[in-house]
Amino acid sequence: MDQTRRGVLKGAGTAGALVAAFATGALRPADVFAAWNKSAFDAKSTADALKAMNITSAADSADIVIRAPDIAENGAVVPIDITSKIPGTQSISLFVEKNPFPYVGTFNVAPGAEPYVHVRVKIGESSNVRAVVAAAGKHYQTVKEVKVTIGGCGG
Amino acid sequence: MNRREFLEVLAAAAAAGLVLDSRAALAQASADALYRVPRFGNVSLLHFTDCHAQLLPVYFREPSVNIGVGGAAGKPPHLVGERLLKAFDIEPGTPEAHAFTYLDFEAAAKTYGKVGGFAHLATLVKRLRAERPDALLLDGGDTWQGSGVSLWTKGADMIEACKALGVDVMTGHWEFTYGAERVKQAVEKELAGKIEFVAQNVKTQDFGDPVFKPYTLRTLGGVPVAIVGQAFPYTPIANPRYMVAEWTFGIQEEELQKVVNEARGKGAQVVVLLSHNGMDVDLKLASRVRGIDAILGGHTHDGVPQPTVVKNAGGRTLVANSGSNSKFLSVLDMEVKGGKVAGYRYRLLPVFANLLPADAAMAEIIARTRAPYEQKLGERLAVTEGLLYRRGNFNGTFDQLILDALMEVKGAEIAFSPGFRWGTTILPGQPITLEHVMDQTAITYPFSTLSELTGAQIKEVLEDVCDNLFNPDPYKQQGGDMVRVGGLAYTCVPGAKMGGRIVDMRLGGKPLEPAKKYKVAGWAPVAEGASGEPIWEVVAGWLRARKSVPPRKLNLPRLQGVEGNPGIA
């Protein structure tokens, strides 16, 4: 018996509508964010994007956890989880540093909401993934490397 | 004669320069000398892995190059030849020295004969189980792939043999290259009630639901024991992703910790990881995940005589790796007292076909499953004048033969052949049969290709694969060897960073030009929709045109910065 949720949904005839993955592009259109920071999205380096967002410094923090594959199974859709344990987390921003446009987006965390996001992003080549958290007027960051390989040749 | 005396006699004979006739050499000692393993404690596990569908005895040469970089340099499993013997206190010139190293391979192979074979393995399993009636037999995977018959029966021959062998639990890797549907069908129907397939790190892409049971809880000698499965984490990367498009893999450390905690919560006093991570990944994992007593590992085909003991926040974890090609059987006896492992004994037993009589029932099964293919497989294509083997970080003589055939048949200047670690060994003077060629090539995506690649693209491919082998972080390694390269000379700097490991690439003495296009032949493309003549037909055709194949000239990179590394002979 197929006990996966996909199987249950297929059985119920409602498959397909519930895949809850955000694609990078979904965060871009201006109608999603009224205050879309065009210069941050157009920036070609993380440093420039941060500048455009008026973030001058971010302290390294072990209280931000990025969960991402060490080696991506498919660079076109890499699942990434970010959790912030920093009290008063207001937003979580994500950057894929080697992408042509590193800034992926910012998730605002409503008061009382759990500071956790799950996204699927395109990663063109092996790159650091950087999460920047805003909390109580300060910024914090952490980094994880995701390797993207051409594949083949496994033992 | 006890085991020590037996080894001394053989060592003395070897020292005297005697080339012993195999039966005579082995007849000097009863199999008891090598295979007497008195039971210890109250919980016993038997483990084999990466047999790659080798049902009959084979020759298998261990590597002479297995370089460890970073923290792995000079530590097991990255020891070869004499350095390995010394580290594990194994007498040179003994059957065990032959089993664990490449040393004096041809002469020793003639002396001690073939290794492995399920009929011989079955005899050993029965012998060990006679003293350990409730011992579990664990199979680490890469079981259904590696031979012509397994390919043509989609692993059905191996499933039948494993059930007869008495395998209790398995996990997988190459099994997945038959496609998700075949694996599910085998697990749910053919293995049902006999062999449990466990893998905590395979989930559905959509919701992250488990595809397989993550672990099984058994009671052995009155002690609850959990066997957690860990499939090869990089299956969709190292092998075609389209075969398992709806599944996601990965190491999944945090999930593993949860599974271990859950098993402990349900009363498990012993937790063992049946792993297809590869030994370097297992060593790192053991330092980070708490509550695993032992990792019985495979994938990297390392025949490591004794486990490495890794300390972590929860205590200590044994990390073992049990070789390949049904050449070895691990025996892990544990004494569990007061809910904890209080002591252990471990042996990695080489399976010498001449020392272990064939089990009749198993021999009959093998003969029956082979019968429809026997004639085809037995075709003698040519005789080899040199030793043909595959295993080693950079190249093997059988790979060189494949590269030579590819370049000649396809009219290519350069050829690539994947750094697989399976594939058996053929002694000089032996006929090369179609079966031997299948042993090196039997995969579900065997297409041979001819492409035009620029010098820059060639460099990119080599750097990419080299990083899978020498990235200092084991979690970023994939456990295969370097892609074998024909025609092109290069220098490899294993300790450099990615992008700087492949230097001084030359074709016919001239530096490779980044913008120039070159004709490159290859096989085993992982992209969907690839096509081409199966590689075994290319190689078989090339061999048929020759009666005799002279020793191959190995194209090896010049190595830089690893002088004195005990992973190089």
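Reader: What makes chain A and chain B contacting partners in this model?
Author: The model is predicted. In it, 17 residues of chain A are in contact with 33 residues of chain B. Contact here requires C-beta atoms within 7 Å, so each of those residues has a partner inside that cut-off.

Reader: What is the make-up by class of the side of chain A that touches chain B?
Author: Five residues are nonpolar, seven polar and five charged.

Reader: Which domains does chain B have, and how do you know?
Author: The domain assignment gives domain 1 (37-58 + 114-368) and domain 2 (378-559) of chain B. The bounds come from an automatic or database assignment. The centres of the two domains, over C-alpha atoms, are 29 Å apart.

Reader: How many residues of domain 1 of chain B are in contact with domain 2 of chain B?
Author: 29 residues of domain 1 are in contact with 19 residues of domain 2. On the domain 1 side, α8 (148-152), α11 (235-238) and α13 (279-288) of chain B each supply at least two residues. The largest share, four residues, comes from α13(B). By class, that side has 11 nonpolar, 15 polar and three charged residues.

Reader: Why is the set that includes B:Val539 called a nonpolar core?
Author: A core is made of buried nonpolar residues joined through C-beta atoms within 7 Å. B:Val539 is among the residues with the most contacts inside the largest core, which has 203 residues. Buried requires 20 or more other C-beta atoms within 10 Å, so B:Val539, as a core member, meets that mark. This core draws at least three residues from each of domain 1 and domain 2 of chain B.

Reader: Which residues does B:Val539 touch?
Author: B:Ile402, B:Ala405, B:Val437 and B:Thr441, leaving out residues up to four places away in sequence.

Definitions and conventions:
Residues numbered from 1 in each chain as written. Chains lettered and ligands numbered in written order. Predicted model: local features only at pLDDT ≥ 70, side-chain atom pairs only at ≥ 80, totals over all residues. Contact = placed C-beta atoms within 7 Å. Nonpolar A, V, L, I, M, F, W, Y, C, P; charged D, E, K, R; others polar. Buried ≥ 20, exposed ≤ 12 C-beta atoms within 10 Å, placed from the backbone.
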